[in-house]
Amino acid sequence: MTHVLGAFAVWIIGFAVNLRLANGPAHDTTAARLAVPLIFGATILVMWELIVTGLDVPQVILPPPSHIAASFAANTGLLWADFVQTILKGALSGWVIGCAAAFVTALLVDRYDYLRRGLLPLGNFMAALPIVGTAPILVMWFGFGWQSKAAVVVLMVYFPMLVNTVAGLQETSAMQRDLMHTYAATWGETLRKLRLPAAMPFVFNGLKITSTLALIGAIVAEFFGSPTQGLGFRISTSIGQLDLGLVWSAIVVAALTGTAVYGLVTLAEKITTFWHPSQQR
Amino acid sequence: MSDAAVTRRSRIKSGTAWLGLPPVLAVILGLIALWYVAVVPMNVQETLTRAERAGVAVTPATAVDRRDAGNWALVLGNTHALGESWSLDRPRLPAPHQVVTELYESTWVEETTGRRGLVRSGSFSNRGLIHHALVTLNATLVGFLIGTTLGIVLAVGIVHSRVMDMSVMPWAIVSQTIPIVALAPMIIVVLYSVGVQGLLPKAVISAYLSFFPVVVGMVKGLRSPDGMQMDLMRTYNASTLAVLFKLRLPASVPYLFASLKIAVAASLVGAIVGELPVQKGGLGARMLAGSYYGQTAQIWAALFLAAGLAALLVWAIAAIEQRTLRRMGMTP
């Protein structure tokens, strides 16, 4: 019981500190912007730990963070192999292939108006569909290895990326295109010097959306069949063994990867599209 | 993107139309044609095995030799024996008409003539697709409602409290980058061990997936009134509650609908993935069963039904959106 009371004490303290920080004079500084969410996250973690241990919640239902951390530390080798199998082999290769294919298609769609009017409504429609559902079919075709996961990822990232890139390529105004025309610029030159740079914010938006989709695709596809490693395999088998610590560790790996990739894409966006209003403070 | 400009440009270029077909139709027809062609190399091994059993001479004479040969080489070497490609019992890739037949048989035929169908038993057959689609739709809608409600409530909180904005919003953005669906089997098992089963675990996953698009969209929408409008409310001496109900919420409606369309598609994905670990009906369970027993046509039929369901849900929301915005006088 003391643990639970302690949890509420921690919550009150954390909330009070955040209240002070957020409404104090320094709320606009970078330090406060970083500190407030970190304190919030830490409060949640400590409360989780205290309540779970205090109420004797069975580990099968919800393991405390300390147990997850211990399990993570004890299985780093295993989780690294899973990471290589799912993320580097399955998700990354599929993401690169899918985004590249979508980019090339977007250029074609942009060049030929007939294709644009035919493919774009279809692409918009497909982007909303539950494409994860193709996973059992693709696993059947390409086997249990990473190739089938890459195929699922390619299908999942293709349409959102296509829609975003096409929207980006149409971002230039008529005035800008007319200016290029008066310069007697060819289609390729207009593309390289005007339209691709203008499309970059949209391309990066597509990359951000699809990076999460790629992880989801690679993990869910492993539920339909995989070699004896991979994050999806680890999650589904560890649940069977009621080893919830390992399940959470696999989820932590996926979450860290997702956040890291998102951060990298944001960084690349900042470097490439420094001119865009949304990047200027 | 301004539609008027697009149509103007396309009208100028419309000389490029191919055989006079509307472009979407042409692309769809092209895809179906491609599908029919792809069926041949995908199914060539099985087709040739059957042809060999029927006594037709096939170039590499045994199945073992054929296994190592390329699919296209087999197709080109045995053009006389490919007749059965489009009518195999368990094809690797069923032809489009086989999928349509499966769809028709597992819905209309099953319900009208099947022993457990609607006509004979008074309820939808649990071997038919309609039953499974309804199971999935139920979980999707319950999850969508829970997720949307929670999302709107949290967005209102975030807009009105700087503490919540500063502490919760960064985590909401970070959580977008996490493959949340990976949690699905765990949520199912955990809730099952607490004694919660059936609709609710799937709905929880659906709610989780539809929650964040709504939060992000609504925060943007609730903040969309500009300084002038907020100042006007202040000169009226309006309370925070009045500002919320008379200015912020009406102003956020277009943003709400934009994120609802994303959220409903996401909650359908959540419901389907949530059905994978527990084989108790639903389109996800149907797909997994199809992949266990090699019933490819069944997977494709479930997939197409799921696609239809997603299209229907998004279309329904778009229709409501149009109607609402028109009554609010917000459509251009």
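Of the 281 residues of chain A, 41% are buried. A residue is buried if 20 or more other C-beta atoms lie within 10 Å of its own, exposed if 12 or fewer, and partly exposed in between, with C-beta atoms placed from the backbone. This is a predicted model, where local features need pLDDT of at least 70 and side-chain atom pairs count only at pLDDT 80 or more, while totals for chains, interfaces and linings use all residues. Residues are numbered from 1 along each chain as its sequence is written, and chains are lettered from A in the order in which they are written.

**Chain A**

Chain A has 11 helices and 0 strands. Helices (H or I, at least four residues) and strands (E, at least two) are DSSP runs, numbered from the N terminus. The C-alpha trace of chain A spans about 75 × 60 × 30 Å along its principal axes. Its radius of gyration, taken over C-alpha atoms, is 24 Å; a compact globule of 281 residues would have one near 19 Å, by the rule of 2.2 Å times the number of residues to the power 0.38.

**Domains**

The bounds come from an automatic or database domain assignment.

| Chain | Domain 1 | Domain 2 | Distance between C-alpha centres |
|---|---|---|---|
| Chain A | 2–57 | 72–279 | 35 Å |
| Chain B | 23–77 | 129–327 | 43 Å |

**Cores**

A nonpolar core is a set of buried Ala, Val, Leu, Ile, Met, Phe, Trp, Tyr and Cys residues joined through C-beta atoms within 7 Å. The largest has 126 residues, and Val153(A), Val157(A) and Ala254(A) have the most contacts inside it. Helix α7 (residues 146–169) of chain A gives the most to this core, with 15 residues. Two residues are in contact if their C-beta atoms, placed from the backbone, lie within 7 Å. Beyond its neighbours within four places in sequence, Val153(A) touches residues including Gly90(A), Trp95(A) and Ala218(A). A second, separate core of 5 residues includes Leu21(A), Val36(A), Phe40(A) and Met166(B).

**Where the chains meet**

The contact takes 50 residues from chain A and 49 residues from chain B. Helices of chain B that each supply at least two residues to its side include α2 (23–42), α13 (240–274) and α15 (296–327). That side divides into 37 nonpolar, 9 polar and 3 charged residues. Here Ala, Val, Leu, Ile, Met, Phe, Trp, Tyr, Cys and Pro count as nonpolar, Asp, Glu, Lys and Arg as charged, and the others, Gly among them, as polar.

Just after α12(B), Asn237(B) takes a positive phi of about 60 degrees.
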